[in-house]
Every structure is written in structure tokens, then in C-alpha cells.
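Subject: Structure handover

Hello,

Here is the structure for you to look through. Please open it beside this email and follow along.

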Amino acid sequence: MLHGSIPASCGHSSRCFFETRRPPLRRNCTINAIATPQKTEEAANFCGPDGKVLQRKNLVSTPAPRGKKYHIHTFGCQMNLADSERMAGVLEEEGYENTEDPDGADVLVYNTCSIRDKAEQKVYSVLGRQAKRKREKMGDLKIVVAGCVASQEGNALLRRCPEVDLVMGPHYANRLGDLLDQVDQGSQVVATEETEIMEDVAVPRRSSSISAWVNLIYGCNEHCTYCVVPNTRGKEQSRTPMAVRNEMVALGEAGYKEVTLLGQNIDAYGRDLPGLASDGSGRRAWTFTDLLQFVGDVPGIERIRFATSHPRYFTERLIRACSKIDKLCEFFHIPFQSGDNLILREMRRGYTHERYRKIIDNIRRYMPDASISGDAIVGFPGETEEQFERTVALVREVGFDRVNTAAYSPRPNTPAADREDQVADFIKQDRLNRLNAVVNEIAEARAQRFSGRDLEVLVEGVNPRNDMQGMGRTRHNKVVFFDGDGAALKGKVVTFRVERIRPYTLYGSLI
């Protein structure tokens, strides 16, 4: 692999590792048969089974060069959406305009997810059509594969689909312009080596004018036996507290009302920052609790959320602080994955179901009305029916407002994928169906506590299925619908009376 440095225009002195190759003889992009995605609600599938196309008004201050346009299609989690916004910022700094039509784009970016095999295969499916277009247009179209599939596959992706011009991992989101310069010089580029993440030079192009993602910590050090994230997103790297606060201040000044702080393992924030706390406790100088207290009073920002938490680091000190920060929403997403201690140990999760229950008990002691969601995996290698039933029991005991469920999917270069005691697909599907039935039952029961209540709602706009209705979100992360002018009320905080309840949605009127 050739080592090169980011061009001087990037303004960074760190080294970037990439491979450049002369364009090979183009041949057809190889696409495997794709199974129909199963209908599960999972955090990793935040963008939906078909992904999300970046949609935004073109605010480019200078005309696009020769009418050049870009198209970004995002798969996977909130972190990928945040990365896509940053890549949009880079491209618009270069003068490109956004288009929702991939066939009208000069630069196609597929920001990918590899946490489930079907999400990965979906990317190859959408690449097929554009690979054909690439062969027809030759040098006039640039295809970029970014994100976790890019990190995982690297050069193998070019062998499978040689029409791709650039393969880049998540760490390089704000260096897209420099890597495209390499492509312009006639090379295929692979940029997947782990590198230090620099503060963005380009301003992210937010897909919302009300709510914004703010990255807090990148990467993950946990190495759960089923998960590819440490391999694709690298080691944990925390942003400095001042960088986070400055970004939030700028958002408040721009009229944003809500910020969601993001991290694959957000509670581990600060472990890689220097110094120890001055109180002699032995804690790091900056923990996630300290960060929340530091940004909890940013002017203009009315709501703060965060995701995703790890039970290993979710402390009573953090819960106590959350209960005292007025802008912190009463919603916690804490994956539990299994209710069986042996499975949790073999997953290398670092906690027991008793420890998880204690976290929930503490949340309900300090914040009794808080909504709690989690993630669960069924059919982990070796899982017995009895162990599965312990997961079901935990769901009933905790009383979740939502659980994102998934059948175990073997991922490359993970210990669990190499085990010989894989659970049969039909058993995994049966367990998934049974668990989902319980999840929906519990969610509906939990939602009844909102009946007849008046709730604070941040209006997000018009109901896309009924333009006579507005829609918004409560502090508990419940989506609500009401009769009224959603466009006129967008960005306003209103009082909403609950009149009808579904497990995950509330209906009512404004008062």
C-alpha cells in the first residue's frame, strides 16, 4: 500500500493513508442475489431498509462548475447521517449542487452500513445500475463508496465493482474533496486506514433546519464478538469539549432547537482526553457527565438528546446529572442485547442482566417518567430456547417503550461468525417474531401513561401522509400528529393534548 499525505490545501499536518491505482480495464460490477430485507426496527437501520437520500435546498454561493451535481445515499445509523451531512458540506464548498436524482449526478456517494449482511448487500444492489451508467459515461461520473462497508472491504470492493473511483472509511468524511482531487488525476483511491479525525473545515449541510446531529466521540474500543464497528470505525477518539460546545453555540445562533449528541459508545467520552479530575476521585478530567453539564446551557438549544449508550459505562452519576439538566430530554436508548448472562459474556458485553436492571431502576428513581428503549439480538450462536426466554423476560420486567430487534447476522472478521454452533435461520426468525410480539405488547401498555396528558412538542413540519396535519416529537421521543398547519408551526414548541394512542405514535390536538 502506498502512503501519501493529504494535499496542503487541506490544512492538516497528519498523515493520510491511501492507495492509488491506475484505472483497470472496466468490467461489469458483480452483484449477488439480494434477499428481501426483514421488517425489523433497529437502530442500525435508522435510515430504513432502502436508506435515505440526502435532500436539501441548494445554498451554494457560487455557480456549480459546469452544472456539476452530487447525490448522497445513506444507509445505516445516525452516525452515517451525520457523516453524510459533512460530506455534503465538503462538496458544496467545492461548488457542487445537491440532486435527489442519482442519474443526474456527477458525483455519487453511497455512505454504507455493514452491521447487518442485508444492509451491505443493499449497497451492491444499488451500485449495479450506476456501474452500468459509469461504463457508458466513462470519465464523466465519479462513484464513491464511503462508510463501514468501505472500511471493511477496501480493495476487495474495487475488485468486485471496478467502476468505483473512491473507497473511503468514515474517518475521511471531511477529506472527501482532497480524495476526489486524487481521482481527478486519473487514479482509483482507497482510503481506509485508521487516522486521527480532524475538526471539520467545511460546515456540515444539515438535512433539517430544526434538529442537528453533533458528533461527540468517534469509534469504539469494546470489541463485542458479533460487531464490526471497531474494525470499520476504528478506536475511540473524543472531540474536545470546547469544539462540541462551539458547534452547539453556532447551531443555536442559526435557529436550531434540538441537538442529538452522537457516539457509537457515547458514555465512554473522554477516556482518551488528557488529565484527571481535580476532586481526587480518579476519574478522567472529562467524562460524558462533565460534557453534558458543560453544554447543557447553550443559548438557543432547547432540547438535548444523546445516543448510543453502553451499560458498562452508564453510571448513577450520569443519571443524576441528566435529571438536573432542564434541556436534557427524558429519553434513554441503552442496548441490552440479551437477557441471559452467559450469552452476554460470550458477546463480550461486560455486564450482567442484573447490572442492566439496576441502571433502569436508577433511571426510574431519578426520572420516573423517562422513556427507555433498547436493542436486542436473537439467535446469537449457541443461544438455547431457555436463554431466549430470559431475553423475553427482561423485556417484560423492564417495560421498554421501544426495543429495536434483530436476528443475529454473522459479520466478517468477528469471533462469533467463526463459531460452529450457529442457530438455524428458521429458529432465529421464529424467535424474532415472538419477541417482536412481546415488544409491541409492552410498548402499547407503556404508552397508555400518556393518555389525556398535555405534552410539550417540538413541531417538525407537515405530516407527509396528510398535509392537513402537523407532526412533531415529545421530549420522550414519541412522534405525534395533530390537525393544523405544520409548515407554519415548524420549529415551534407547542402544547399537545393526547387523545389517541398507538404503541409508538400519539394523536391529539394543540391547546
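A salt bridge here is a side-chain nitrogen of Lys or Arg within 4 Å of a carboxyl oxygen of Asp or Glu. By this rule the count comes to 38 salt bridges. Side chains of opposite charge can pair when their charged atoms come close.

Some ground rules. This is a predicted model, in which local features need pLDDT of at least 70, side-chain atom pairs count only at pLDDT 80 or more, and totals for chains, interfaces and linings use all residues. Residues are numbered from 1 along each chain as its sequence is written, and side-chain values use heavy atoms, with hydrogens and water left out.

**Overall**

The protein has 14 helices and 22 strands. Helices (H or I, at least four residues) and strands (E, at least two) are DSSP runs, numbered from the N terminus. Of the 511 residues, 57% count as buried. Buried means under 20% relative accessible area, exposed means over 50%, and partly exposed is in between (1.4 Å probe, protein chains only). Now for contacts, which means heavy atoms within 4.5 Å. Among contacts between residues at least 6 apart in sequence, 73% join residues at least 24 apart.

Start with α1. This helix has 16 residues. From first C-alpha to last, α1 reaches 23 Å, close to the 22 Å expected at 1.5 Å a residue. The expected span is 1.5 Å times one less than the number of residues. α1 is mostly covered, with 15 of its 16 residues buried. Just after α1, G95 takes a positive phi of about 100 degrees.

Next, α7. The buried residues of α7 include V244, E247, M248 and L251. What do the buried residues of α7 pack against? They pack against α1 (78-93), β11, β13 (258-263), α8 (288-295) and β14 (303-307). G255 follows α7, and its phi is positive, near 100 degrees.

R86 pairs with E247, and the closest N and O atoms are 3.2 Å apart. R86 lies in α1 and E247 in α7, so the pair ties together parts that are 161 residues apart in sequence.

**Around E222**

E222 sits in the loop between β11 (211-218) and α6 (229-233). Its relative accessibility is 8%, so E222 counts as buried. Which residues does E222 touch, not counting those up to four places away in sequence? They are E236, N265, R271, H310, R312 and Y313.

Two of these touches come with polar contacts. A polar contact is a pair of N or O atoms within 3.5 Å; within protein, one must be able to donate a hydrogen and the other to accept it, and residues adjacent in sequence count only if both atoms are side-chain atoms. The side chains of E222 and Y313 make one of 2.7 Å. The side chains of E222 and R271 make one of 3.5 Å.

R271 also has a salt bridge with E236 (2.7 Å, N to O). This pair links distant parts of the chain, with E236 in the loop between α6 and β12 (237-238) and R271 in the loop between β13 and α8, 35 residues apart. E236 counts as buried at 6% relative accessibility. R271 is partly exposed at 33%.

K428 forms a salt bridge with D425, the closest N and O atoms being 3.5 Å apart. Both lie in helix α13 (residues 425-447), three residues apart, about one turn of the helix. K428 counts as buried at 7%. D425 counts as exposed at 60%.

Elsewhere, salt bridges link E258, R303, R305, E330, E456 and R475 in a network.

**Cavities**

A cavity is a set of points, on a 1 Å grid over the protein atoms alone, where a 1.4 Å probe fits but cannot get out; lining residues have an atom within 4 Å of a point. Grid points are joined across faces, edges and corners, and a volume is the space filled by probe spheres set on the points. The structure holds four cavities of 30 Å³ or more.

Best wishes

Terms used: On a 1 Å grid over the protein atoms alone, a cavity is a set of points where a 1.4 Å probe fits but cannot get out, and a pocket is an open set with protein on both sides within 12 Å along at least five of seven lines; lining residues have an atom within 4 Å of a point.
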